[in-house]
Amino acid sequence: MSIRNIGILTSGGDSPGMNAAIRAVVRTGVFLGMDVFGIRRGYQGMIEGDIFKMKTTDVSNIIQRGGTILKTARSKEFMTDEGMAKAYDQLQIHGIEGLILIGGDGTFRGANKFFEKYTIPAVGLPGTIDKDLSGTDFTIGFDTAVNTAVEAIDKIRDTAEAHDRLFVVEVMGRDAGYIALNSGIACGAEDILIPEMVTDINDVLCRIDMDERRKKTVHILVVAEGDDYGGSKKVAETIMARFPKLDVRNCVLGHIQRGGAPSYADRVLASRLGHAAVTALNNGTTQVMAGIINGEVVYTPFSNVIKGTTPVSPDMLEMIRVLSV
């Protein structure tokens with residue numbers, strides 16, 4: 001039996017390009033003769049029945065906007081049996097036969113548990129700036145977040161050079177260091193600290209000492225927030241204690257990386273995956289995340305998506321050591 005009514009939600013942290021994905025889902029669904037229902041505030045909105053029928057005009061002029069018109073939230077209640085039962089009841093009340101889920105690791109963990117209890121066809125889209133999902137080369141929002149970080153770090157380097165300062169710049173990435181790694185490489189950072197690699201702070205200090213001996217006056221260290229040493233503040237404090245004559249500053253970029261208009265790459269990725277997700281549901285493919293690997297659309301089961309990420313290549317970190325000399 002074909003699916004005629006689908007629901008769409010965004011869950012967890014927002015990421016640039018979510019609106020482009022919503023637009024693609026709604027317009028593809030309508031094109032295929034489906035009724036598309038927006039679910040506000042993720043799983044919490046599903047529990048509370050904050051659900052409305054969407055028209056193609058509801059998604060006009062949103063492809064260039066950051067954030068998500070459907071709002072987003074994290075829901076502890078959804079992870080309980082009672083919460084899941086309420087959510088399922090609301091889907092039944094609104095006649096929703098299939099779901100499109102846009103989010104990250106937490107979104108798919110929640111989905112995996114929900115679909116163990118209730119049989120509802122669903123396809124996910126990888127909407128997270130962290131790129132911490134397997135089953136896709138890129139996630140919606142990652143490209144924009146990295147470009148935002150690069151722009152900020154470039155500006156920091158200008159003032160670092162003007163004052164002969166050492167800057168420790170913290171970027172987002174609690175469990176994954178892809179933003180730090182890619183923005184650090186693009187900005188010519190002298191060091192990059194990420195959760196995937198154990199930080200040897202003595203090694204970091206030795207490299208700074210070598211730079212000082214050869215009169216290198218500008219230092220940029222890019223630190224992912226989940227770095228195992230304790231984040232940029234602790235790194236900066238340690239450097240100041242070891243090199244009291246250095247002018248050391250700590251800068252946390254924070255949520256600026258989540259906002260802003262999505263890049264062209266994120267708009268295209270989100271549009272392509274949104275279209276692919278609805279097409280998959282219409283063809284009977286379910287309980288999978290749509291992703292892009294080597295330029296092609298692929299579908300990965302939710303259970304495999306949440307098992308891990310693509311490991312960071314040690315060659316990239318070694319390249320940092322060479323290029324920062």
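## Exercises on helix packing and a sheet

In this predicted model, helix H5 (residues 142–163) packs with helix H6 (residues 178–186) at an angle of about 45°, and their axes are 9 Å apart.

**Exercise 1.** Decide whether H5 is parallel, perpendicular or oblique to H6.

*Solution.* Start from the angle of about 45°. Angles under 35 degrees count as roughly parallel, and 65 to 115 as roughly perpendicular. The angle therefore makes H5 oblique to H6. As for handedness, H5 passes H6 in a right-handed crossing.

**Exercise 2.** Find which residues make the contact between H5 and H6, and sort them by class.

*Solution.* First, look along H5: Phe142, Ala145, Val146, Ala149, Val150 and Ile153 take part. Next, turn to H6, which contributes Tyr178, Ile179, Asn182, Ser183 and Ala186. Finally, sort by class: the contact has 9 nonpolar residues, 2 polar ones and no charged ones.

**Exercise 3.** Work out the strand order of the open sheet and name its edge strands.

*Solution.* The 7 strands lie in the order S3-S2-S1-S4-S5-S10-S11, with mixed pairing. At the edges are strand S3 (51–54) and strand S11 (296–301), each pairing on one side only. From one strand to the next, the twist averages 30°.

**Exercise 4.** Describe how S1 is joined to S4, and what H9 touches on the sheet.

*Solution.* Strand S1 (residues 5–10) and strand S4 (residues 98–103) run parallel and are joined by 5 bridges. For one partner, take isoleucine 8: its bridge partner in S4 is isoleucine 100.

Notes:
Residues numbered from 1 in each chain as written. Predicted model: local features only at pLDDT ≥ 70, side-chain atom pairs only at ≥ 80, totals over all residues. Heavy atoms only, no water. Axes fitted to C-alpha atoms, helices over the stretch in contact; angles between N-to-C directions. Helix = DSSP H or I, 4+ residues; strand = E, 2+ residues; numbered from the N terminus. Parallel < 35°, antiparallel > 145°, perpendicular 65-115°, else oblique. Left-handed = near helix turned anticlockwise from the far one by under 90°. Contact = heavy atoms within 4.5 Å. Nonpolar A, V, L, I, M, F, W, Y, C, P; charged D, E, K, R; others polar. Pairing = 2+ DSSP bridges.
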